[in-house]
Amino acid sequence: MTTNLDPKVQAEIQNFMRGLVRRNPGETEFHQAVEEVVTSLMPYVLETPKYRDVAILERMTEPDRIVIFRVCWEDDQGNIRTNRAWRVQFNNSIGPYKGGMRFHPSVTQSVLKFLGFEQTFKNSLTGLPMGGGKGGSNFNPKGKSDHEVMRFCQSLMIELSRHIGEDTDVPAGDIGVGAREISYMFGQYKRLQNRFASVLTGKALSFGGSLIRTEATGYGATYFMQNMLNTRKDAIAGKTVAVSGSGNVALYCIQKVAELGGVVVTASDSDGFIYDRDGIRGEKWEFLRDLKEVRRGRISAYAEKFGCEYFAGQKPWGVPVQLAFPCATQNELNGDDAATLVKNGLQALAEGANMPCTPEAIAHFMDSKVLYAPGKASNAGGVSVSGLEQSQNALRISWSREEVDHRLQGIMRDIHATCLKYGTKPDGSVNYVDGANIGGFVKVADAMLAYGCV
Ligand code: NDP
């Protein structure tokens with residue numbers, strides 16, 4: 001990703017990355033996320049004297065702290081089970097740590113460090129006073145009973161409650177952590193602390209949740225896509241669209257794209273993808289939401305119900321589309337997938353997931369002049385509405401659906417404007433990666449400089 005850069009800048013990046021890899025051995029996801037950011041930032045840092053000589057990148061790539069702990073819980077057969085959990089408190093320069101909890105067997109310290117690092121930039125881009133954090137466990141909620149999930153969440157919160165607080169660290173959901181898990185964790189926190197505090201977001205409406213929070217990441221990614229297409233005097237209406245995943249982000253991205261006149265032809269889970277040429281909308285979308293949010297079933301059931309094609313073990317990137325929203329997980333779209341999408345007429349891609357595109361895929365999109373939005377900009381809608389949930393809790397009021405949606409649209413528009421401000425090149429083209437990275441960096445870096453040697 002460094003090929004178009006001045007050789008001196010390239011050497012600085014390589015030197016920086018050598019140090020980072022030495023200090024964080026084996027953490028490949030973290031290395032990947034940092035390299036993308038540092039590639040954008042290094043030219044800017046080198047030409048800005050106030051950042052150049054103060055080791056700002058070294059400081060920003062070292063988390064404030066990481067808490068690692070054992071979570072013991074009892075399964076329905078009476079066996080004692082042990083998982084590992086983490087909370088990565090990455091940077092609280094501009095506000096309390098904020099970022100989701102992920103429950104998935106693929107969770108490692110490296111994955112959570114990459115997510116916490118990205119979250120710092122994303123939260124800064126939203127314009128709200130939120131620092132960056134992330135947490136999770138290698139616990140797999142799939143196939144577990146509600147009681148098992150409850151016992152796990154309660155056990156995890158016994159330790160996590162010591163490290164979080166409304167002015168310290170406010171976790172939310174992520175992969176494997178939805179309304180059910182947030183409720184169990186919040187109930188346990190309340191019990192342990194005897195306080196009804198705004199210490200988690202993504203809560204149910206009846207105990208402090210915000211309208212639109214469930215929809216926010218998917219809606220936000222769609223609004224970001226609208227903003228990008230506007231720069232080419234284009235729109236979502238009439239476009240054929242591929243979405244991956246069928247969880248929280250994917251479901252509401254599909255719903256909003258369909259509402260704006262796009263035809264979403266794919267959705268997926270870790271077993272395969274469905275190809276519905278007529279578009280996932282109306283009753284079919286309702287079925288999919290119920291399948292995934294309530295019945296916790298597999299996506300193949302959609303194909304059985306509606307008689308569309310199902311491709312086991314495959315990803316949707318071979319389907320001809322003009323727009324794409326990868327909304328499942330990191331590194332789900334590689335260089336070959338990108339080449340296929342571009343060959344089939346892809347015009348724009350907005351990341352709903354965090355780091356779903358590999359560096360090779362991103363390079364290919366940029367070389368091909370595809371509008372490409374990195375997740376830290378395009379999926380910031382979720383944490384933005386989490387920030388709005390905290391504001392409502394602090395004020396002890398609830399905004400209407402329209403009010404929250406209006407604010408969300410405004411935040412996504414502002415993030416897009418920030419990307420244009422910092423990412424527009426002399427030839428008029430926009431590099432959204434540079435725009436998001438530099439735009440997110442400035443506020444955090446300036447706060448750190450103001451605090452002195454921290
Ligand atoms: P969910 O758990 O609700 O859904 C995840 C979806 O991705 C499921 O369809 C899941 O399929 C699929 N998936 C997960 N892991 C893999 C894998 N290794 N290979 C293939 N498919 C996989 O999570 P969310 O929708 O909340 O999160 C999705 C992405 O969006 C993540 O990258 C997350 O960090 C990011 N994100 C989420 C936000 C939010 O508000 N929820 C905010 C910003 C970013 P299966 O059911 O088979 O596991």
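Start by selecting glutamate 118, which is buried, with a relative accessible area of 3%. The model on screen is a predicted one. Glutamate 118 belongs to helix H5. Leaving aside residues up to four places away in sequence, glutamate 118 touches Ala33 and Lys376.

Now show the strands themselves. Five of them form an open sheet with mixed pairing, in the order S1-S2-S4-S3-S5. Its edges are strand S1 (65-74) and strand S5 (169-172), each of which pairs on one side only. Ignoring direction, neighbouring strands of this sheet are turned by 20° against each other on average.

Zoom in on strand S3 (residues 97-103) and S5. These two run parallel and are joined by four bridges.

**Helix H6**

Next, select helix H6, residues 146-160. How far apart are the end C-alpha atoms of helix H6? They are 20 Å apart, which agrees with the 21 Å that 15 residues should span at 1.5 Å a residue.

Colour the buried residues of H6: Glu148, Val149, Phe152, Cys153, Ser155, Leu156, Met157 and Leu160. An α-helix has 3.6 residues a turn, so residues three or four places apart point the same way. Among the buried positions of H6 are Val149, Phe152 and Leu156. The buried residues of H6 pack against S1, S2, S3, S4, S5 and helix H7 (179-193).

**The ligand**

- Arginine 102: an N or O atom in its side chain is 2.9 Å from a ligand oxygen.
- Glycine 176: a polar backbone atom is 3.0 Å from a ligand oxygen.
- Serine 246: a backbone N or O atom lies 3.0 Å from a ligand oxygen.

**Two positive phi angles**

Select isoleucine 212, in the loop between H7 and helix H8 (216-230). Its phi is near 75°, a positive value in a residue other than glycine. Is isoleucine 212 buried or exposed? At 4% relative accessibility, isoleucine 212 counts as buried.

Then go to alanine 55, in the loop between helix H3 (49-52) and helix H4 (56-60). Alanine 55 is not a glycine either, yet has a positive phi of about 50°. With a relative accessibility of 37%, alanine 55 counts as partly exposed.

**Arginine 277**

The last stop is arginine 277, found in the loop between strand S8 (272-275) and helix H10 (282-294). Arginine 277 is exposed, with a relative accessible area of 54%. What does arginine 277 touch, not counting residues up to four places away in sequence? The contacts are Val263, Val265 and Glu309. With glutamate 309 there is a polar contact between the two side chains, at 3.1 Å.

To finish, draw a line from the C-alpha atom of arginine 277 to that of threonine 329: the two residues are 52 residues apart along the chain, and these atoms are separated by 24 Å.

How values were computed:
Residues numbered from 1 in each chain as written. Predicted model: local features only at pLDDT ≥ 70, side-chain atom pairs only at ≥ 80, totals over all residues. Heavy atoms only, no water. Buried < 20%, exposed > 50% of the residue type's maximum accessible area, 1.4 Å probe, protein only. Contact = heavy atoms within 4.5 Å. Polar contact = N/O pair within 3.5 Å; in protein donor to acceptor, adjacent residues only side chain to side chain. Pairing = 2+ DSSP bridges. Axes fitted to C-alpha atoms, helices over the stretch in contact; angles between N-to-C directions. Expected span 1.5 Å × (residues − 1).
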